[in-house]
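Please keep the sequence and the structure in view while reading.

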Amino acid sequence: MFNFEEMLKKSVADFRLSEQKSNFAVNKNNRLQKAYINLDISLSRLAKDSKRFSILSNSNMNIDITNYKNTMIKDFTESMNLFFLVANLKNWNHLIIISDDEQNKLFKNKADKEFSNVYLVIKKMMINSFFNHSEKDFTYAWKIFNKFGIVDMNLSIDDISKEFFNKN
């Protein structure tokens, strides 16, 4: 299972360190908005790179499975990292921690066949969490995001954790 507590600590520490090292002045007034925007962009990249959301179907697509899986893991990990940042900026760190029992239940759900609906629900809840300051919507987006990666996209917890700790 994911060790969300350790991942959150590392993510926040790395963000703070990179913020301190940056020559770019950070505007603390809109840091949260920028974090949400970056999360939105990252989720969009995950959707785009997954090649599962194209309006026009291309059955002749040649996909290198290893490269595809590595890209999905990197994209998912980046989005995860940004969820951690948003939670920290909102003082919602407690919402990120999902117990092993909860993770087991979450990851035993059936995969959704329609990815488009799942993706749009994640985005809607994420945006609601910003505009309505809704912890419930953030929690829902976070859990659905994790289920989406592990169950629907069939990504490995071990591969994601390894990528996360190697990257950060």
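The model is predicted: local features need a pLDDT of at least 70, side-chain atom pairs count only at pLDDT 80 or more, and totals for chains, interfaces and linings use all residues. Residues are numbered from 1 along each chain as its sequence is written, and side-chain values use heavy atoms, with hydrogens and water left out.

## Packing of the helices

Two packed helices are described by the angle between their axes and the distance between the axes. Here, axes are lines fitted to C-alpha atoms, for helices over the stretch in contact, and angles run from 0 to 180 degrees between N-to-C directions. Helices (H or I, at least four residues) are DSSP runs, numbered from the N terminus.

| Helix pair | Axis distance | Angle |
|---|---|---|
| α3 (residues 65-89) and α7 (residues 135-152) | within 11 Å | roughly 165° |
| α2 (residues 31-50) and α6 (residues 115-131) | 11 Å | about 180° |
| α6 and α7 | within 8 Å | roughly 150° |

Angles under 35 degrees count as roughly parallel, over 145 as roughly antiparallel, 65 to 115 as roughly perpendicular and the rest as oblique. Helices α3 and α7 are therefore roughly antiparallel, and their crossing is left-handed. A crossing has this hand if the near helix is turned anticlockwise from the far one by less than a right angle, and is right-handed if clockwise. Contact means heavy atoms within 4.5 Å. Among the residues that form the contact are Phe-76, Met-80 and Phe-83 of α3, and Phe-138, Trp-142 and Gly-149 of α7. The contact of α3 with α7 comprises 10 nonpolar, 3 polar and no charged residues. In this classification, Ala, Val, Leu, Ile, Met, Phe, Trp, Tyr, Cys and Pro count as nonpolar, Asp, Glu, Lys and Arg as charged, and the others, Gly among them, as polar.

Helices α2 and α6 are likewise roughly antiparallel to each other. Residues of α2 including Tyr-36, Asp-40 and Leu-43 meet residues of α6 including Tyr-119, Lys-123 and Phe-130. This contact of α2 with α6 divides into 9 nonpolar, 3 polar and 2 charged residues.

Helix α6 is also roughly antiparallel to α7, and α6 passes α7 in a left-handed crossing. In the contact of α6 with α7, the residues of α6 include Val-118, Met-125 and Ser-129, and those of α7 include Phe-138, Ile-144 and Asp-152.

Phe-138 lies in helix α7 and is buried, at 0% relative accessible area. Buried means under 20% relative accessible area, exposed over 50%, and partly exposed in between (1.4 Å probe, protein chains only). Beyond its neighbours within four places in sequence, Phe-138 touches residues including Tyr-36, Phe-83, Trp-92 and Met-125.

In helix α5 (residues 100-107), the buried residues are Gln-103, Leu-106 and Phe-107. Seen down the axis of α5, these residues fall within an arc of 85°, so they line one face of the helix; the arc is that of the directions from the helix axis to the C-beta atoms. The face turned away from the buried side of α5 carries the exposed residues Asp-101 and Lys-105.

## Two loop residues

Most residues other than glycine have a negative phi. Asn-91, however, has a positive phi of about 60°. Asn-91 is found in the loop between α3 and α4 (93-96) and is exposed, with a relative accessible area of 63%. Asn-154 also has a positive phi of about 60°. Asn-154 lies in the loop between α7 and α8 (157-167) and is exposed, at 54% relative accessibility.
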